[in-house]
Amino acid sequence: MAEMSLRTFVVYVEDKPGVLNRVASLFRRRNFNIHSLNVGTTHEPGVSRMTIVVEADADKARRIEANLYKLVNCLYVDDITDVDSVNRVLALIKVGVSAADRAEVLQILDVFRARALDVSPTSLIVEVSGSQGKIDGLVTTLRPYGILEMVQTGTLSMTRGNAARDAGPPTIKAQPTRAA
Amino acid sequence: MTKENSPEFPDRTGQSLTGAQIIWESLVREGVEVVFGYPGGAIMPAYDAMIEYPIHHVLVRHEQGASHMADGYARATGRVGVCIATSGPGATNLVTGIATAMMDSIPMVAITGQVPSTAIGTDAFQETDITGVVLPITKHTYLVTRPEDIAPTIREAFYVASSGRPGPVLVDITKDAQQSSCVFEWDDSPIELPGYRPEYTALEEELRKAVELIQNAERPIIFAGHGIIKANATGALLEFVQRTDIPVACTLLGLGGFPATHERNLGMMGMHGETWVNRAIQDSDLIIALGMRFDDRVTGNVKTYAPNAKKIHIELDPAEINKNVKVDVAIVGDVREVLTELNRHVGRCERPEWIAKIDAIKGDSAVRDIKNMPDMGKLYAAHVIHDLYRFTNGEAVIVTDVGQHQMWEAQYYKHDHPRRLITSGGLGTMGFALPAAIGAKFGVKDAAEVWVIAGDGGFQMTAAELSTLKQEGLKVNIAIINNGYLGMVRQWQQFFYGGRYVATPIISPDFVMLAQAHGLTGIRVTRRDEVEAAVKQARETPGTVLVEFQVEQMDAVYPMVPAGADLHDMIERPHNPIYETGADAE
Ligand SMILES: Cc1ncc(C[n+]2csc(CCOP(=O)(O)OP(=O)(O)O)c2C)c(N)n1
Ligand SMILES: [Mg+2]
């Protein structure tokens, strides 16, 4: 059995209702395990972009790509696992911090290049971005102070440099809006 | 079978039409001649508008029948089959037929009514999220809420259903979209879908590698799958075999893709493939797989599957490559185009030793024994099917149900032409045969006789469609292989569950009376010497004739590779098949 590892796909889809459901349903049905999935609009009207991190070996990765292409609304798939790229997770963490501990916590944030976004007498909201490892590190460090809540995105990925990847990100002709 | 004397209907493009009218305008423009369906609240506007159009509607008795009929029509003709149902229960009743079509890559468009767009999400009466329900069992789905979207969506649905690797597409249309009006436009320019890639062209490099493997192989074997039939590649395959002299094994759905009576045809492979076919596969040094997907019923245990064979996989769907079996050369493309290309490059070759070896094991043939079985008064399904083959000159369109009789059909009815065997392969849907045969008959019309071969169990699942048959005045002959059991499951109980026949003995209505109750002719056959007369009578009688064959109850399909076992690990037919049953041994 070939080695399973985390693989990152950039997937462009038509921005239509139900497309996320189609992608998620495909992964569930084919027994592909999603590690994280992030989706949002792009600068191109009508095009959404997903970053999907999946547990897969190289062969499974190829089948994931082929299956994604079978979705009528899927425009372009790029397996960037082995391509030099920037990968970021964004997290917001609310920490229970009294005035007494505040200075100490702010110092920690400095080390992690995180920032305080909101300060109240008993808590502060931290914004941090970076690799999942860095986020996890900060969470561990802040835990003794009391984490009240946290939220994070999935991984967002972009390849470095401006080398066009194959055909490059797609654009689509403006189409009459039609429910999917 | 379209509406008689239908006047050329007027061109209404540019006029204001209701969404309901636009549905039929679009279907007519897609060349639809017949639809199979059942009305209800959310689709009533469409039904009301239907009367204006030259499309024949077949009223089914259960919407499952509608989706199987559309499927049978598509398999018989290669064209898109259309079924139509109301929202909620009408739509959910289509599901089994849609799943059946998906598994066997059948082009189908299913149109469902939906509650008004303003009511969606409110759990309105008969509201079901049918696009959600069928998402994993369709090639694509659409929900249409505005009349102006109906024509472009139906056009796109037909295109998606029939292009590339075909499949079912569902178009769910809200009632308000059917009721409101807009100016009807029909755009017949080529459809552009930005993300849809139905076609692939074979890479030179892969073709070159394939040619080299083919030239150098000593013990090659060709697999003919459903893709051969779908791609209309039977001619190209015949030429390929004539050039290369390589024997051909067929998948269940590939039967008819290569003439069964051709000397290089080995027959069906897999779980109920004949021994020599599976042995040849295990022995081969090269497999050339054409338009098939190495289903588990074909491979058995993949770890021990064809261990010495290099594999060339020629297939339209890239997602099938290396899915079940790792291959050495993958050629993604239209099977006919690829074969045509290969025919240009492979030289003539002969492999007398390999052919002789296969011919020798083929000599073991148990089929021959069955054919020559003396008539001891007992009726075996094998007799029935072999006789049906003989008396229909091997030319009938046979639509089978699922079970033992299906496998016996595959073994004993030799199909020389494509689209003459219609059977649910991937899903194995009992209840498929009768409705699918009705659909097939609408497809082939008078060009071929259509026979159903069904088990007593499966026939009862959709027997209500006898009434549809009668209402449509069709002639579809029906052979029920009545063994008093859910035979295939009984066989598994016999082999693998210690002979505990739990929930497999099944009684049936008096099939002759059932036929008569529908105003059809019924015949009962219990002895071998009655088969010929019954088949002849069925063929000569106007209208549908149902023939019930009461066959040996404990007969089994041989050979059999137990699920997941090694392909060469077959349970073989007992030496003398006439002594297969306990009663015979006495
Ligand atoms: C809808 C459905 N339910 C259950 C099965 C499982 N199954 C496969 S074959 C079979 C027995 C079929 O019995 P019958 O129709 O009498 O045919 P026979 O095997 O006796 O020829 C059953 C229950 C199935 N394939 N489809
Ligand atoms: Mg039976």
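How many aromatic pairs does the rule count over all chains? The count comes to 13 aromatic pairs over all chains, in what is a predicted model. The sections below describe some of these rings in chain B and then turn to the interface with chain A.

## A pair between two loops

B:Tyr485 and B:Tyr501 form an edge-to-face aromatic pair, with 5.9 Å from centre to centre and 65° between the planes. B:Tyr485 sits in the loop between β18 (477-482) and α22 (487-496) of chain B, while B:Tyr501 sits in the loop between α22 and α23 (511-517) of chain B, so the pair ties together parts that are 16 residues apart in sequence.

The two tyrosines fall into separate accessibility classes: B:Tyr485 has a relative accessible area of 13% and is therefore buried, under the cut-off of 20%, whereas B:Tyr501, with a relative accessible area of 26%, is partly exposed.

## A pair within helix α22

B:Trp492 and B:Phe496 also form an edge-to-face aromatic pair, with 5.7 Å from centre to centre and 80° between the planes. Because these residues are four apart in helix α22 of chain B, B:Trp492 and B:Phe496 are separated by about one helical turn. B:Trp492 is partly exposed at a relative accessible area of 23%, and B:Phe496 also counts as partly exposed, at 33% relative accessibility.

## Extent of the interface between chains B and A

In the predicted model, 27 residues of chain B are in contact with 27 residues of chain A. The area buried between the two chains is about 2200 Å², and carbon and sulfur atoms give 49% of that area. On the side of chain B, B:Leu135, B:His140 and B:Pro194 supply 23% of the area that chain B buries against chain A, which is more than any other three residues supply.

## Polar and charged contacts across the interface

Two salt bridges are counted between chain B and chain A, and one of them joins the side chains of B:Asp317 and A:Lys70, with 2.5 Å from N to O. Across the same interface, the rule finds six residue pairs in polar contact, with both residues at pLDDT 80 or more.

The elements that give two or more residues to the side of chain B touching chain A are β6 (140-144) and α7 (150-162) of chain B. Sorted by class, that side of chain B has 12 nonpolar, five polar and 10 charged residues.

Note on methods. Residues numbered from 1 in each chain as written. Chains lettered and ligands numbered in written order. Predicted model: local features only at pLDDT ≥ 70, side-chain atom pairs only at ≥ 80, totals over all residues. Heavy atoms only, no water. Contact = heavy atoms within 4.5 Å. Buried area = accessible area lost by both parts, 1.4 Å probe. Salt bridge = Lys/Arg side-chain N within 4 Å of Asp/Glu carboxyl O. Polar contact = N/O pair within 3.5 Å; in protein donor to acceptor, adjacent residues only side chain to side chain. Nonpolar A, V, L, I, M, F, W, Y, C, P; charged D, E, K, R; others polar. Phe/Tyr/Trp six-rings, centres within 6.5 Å; stacked < 30°, edge-to-face > 60°. Buried < 20%, exposed > 50% of the residue type's maximum accessible area, 1.4 Å probe, protein only.
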